[in-house]
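Student: Please take one part of this structure and go through it closely. I would like a single connected account, with the cut-offs stated as you go.

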Amino acid sequence: VSTQSTGGPWTISPFFVSCVSVVVPSRMRRTETRITEALLKSVSDKFDVGTIFELNLRQQNIARLECLDGCVNLIHLDLSDNSIERLDNLTTLSNLDTLILDNNRLTRLDGVERLQKLRTIRLQGNQILDLSALSPLASLKSLRNVWLSNLNETNPNPVCSISQYRKSVFELLPQIKNLDGQRKGQPYLDFSLTDSTRSDEQTLTTSGPWLTNELRTAPVPSDRIIDESIAKLGKTLQAELKECYDLLQSNSKTLNQLNIR
């Protein structure tokens, strides 16, 4: 298989190369996690899956939804950071209120229409390409909150880049109140304008020492010195509280826009 000419380098025949295969040790391969009744009981610390109200299956390397039939009372389900491509076997989750599917491999949402009590669905970091993939959400009359990207526009789905994205989604899903953390009917928050160099950025002034020099240096402070120091401290605190109040008032519009149910 290998030859070496006199004084020459080693050479390897093509036949030998074609027969070589690389085997990755099993401990280096991450296998798919199957959802089983034992797994559900383990992560929820419940003996009966019918008594599970909140279930966290985040980062479990799950590719398929299965064995959820018994979770009839489930209200909150977190399946983020997995490898899910399809929303199968959700029929019995009729009480589900919140479904978190961030960072999976979803391109469509067929199957979600069975979740008639669903109010919130999070889908950041998937591969939803167009509005047609969102059509199953239109039948969910209780749906109020949909996330296709983060509030600051990071981790978006491809659909977020279409023309008039927000307007189109609100027209397709007129029942929802919040899209990507921003409330329907409120001015759009452009996070591209927020940075550390904003000229209108406000900061609180640093307060001075709480004790006057006279009070600190007096061996035994007199009542007059104490009263004067307390009066001065009171004025300082009052000024700082007013500054805090003015700062909150100046940003009240932004705070109202972020007031999400």
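Tutor: D97 is partly exposed, with a relative accessible area of 24%. On this scale, buried means under 20% relative accessible area, exposed means over 50%, and partly exposed is in between (1.4 Å probe, protein chains only). The model is a predicted one, in which local features need pLDDT of at least 70 and side-chain atom pairs count only at pLDDT 80 or more, while totals for chains, interfaces and linings use all residues. Residues are numbered from 1 along each chain as its sequence is written, and side-chain values use heavy atoms, with hydrogens and water left out.

The partner of D97 is R119: their side chains meet in a salt bridge, at 3.9 Å from N to O. R119 lies in the loop between β5 and β6 and D97 in the loop between β4 and β5, so this pair ties together parts that are 22 residues apart in sequence. A salt bridge here is a side-chain nitrogen of Lys or Arg within 4 Å of a carboxyl oxygen of Asp or Glu. The element names follow DSSP runs, numbered from the N terminus: helices are H or I with at least four residues, and strands are E with at least two. R119 also counts as partly exposed, at 27% relative accessibility.

In one of them, R122 pairs with D102, the closest N and O atoms being 3.8 Å apart. R122 belongs to strand β6 and D102 to the loop between β5 and β6, so the pair ties together parts that are 20 residues apart in sequence. R122 counts as partly exposed at 22% relative accessibility, whereas D102, at 14%, counts as buried. The charged end of R122 also sits over the ring of W147, 4.2 Å from its centre. The rule for that is NZ of Lys or CZ of Arg within 6 Å of the ring centre and within 35 degrees of the ring normal. K41 is placed in this way over the face of F47, at 5.0 Å from the ring centre.

The other salt bridge joins D81 and R58, with the closest N and O atoms 2.8 Å apart. D81 lies in the loop between β4 and β5 (98–100) and R58 in the loop between β3 and β4, so parts that are 23 residues apart in sequence are tied together. D81 is partly exposed, with a relative accessible area of 22%, and R58 counts as partly exposed at 44%.

The strands named so far belong to a sheet. Seven strands form an open sheet of mixed pairing, in the order β3-β4-β5-β6-β7-β8-β9. Its edge strands are β3 (54–56) and β9 (182–183), each of which pairs on one side only. Two strands pair if DSSP finds at least two bridges between them. β3 and β4 (residues 76–78) run parallel and are joined by three bridges, with L55 standing opposite L77 in β4. In the chain there are six helices and nine strands.

D102 leads on to N126, which touches L101, D102, N103, N104, R105, L106, P156, N157 and P158, leaving aside residues up to four places away in sequence. Contact means heavy atoms within 4.5 Å. N126 is placed in the loop between β6 (120–122) and β7 (145–147) and, at 1% relative accessibility, counts as buried. Its side chain reaches the backbone nitrogen of L106 at 3.0 Å. A polar atom of the N126 side chain also lies 3.0 Å from the backbone oxygen of L123. A polar contact is a pair of N or O atoms within 3.5 Å; within protein, one must be able to donate a hydrogen and the other to accept it, and residues adjacent in sequence count only if both atoms are side-chain atoms.

L137 is found in the loop between β6 and β7 as well, and it is buried, with a relative accessible area of 0%. Among the residues L137 touches are L109, V112, I121 and L143. L137 and D110 are 27 residues apart in sequence, yet 8.8 Å apart in space, C-alpha to C-alpha.
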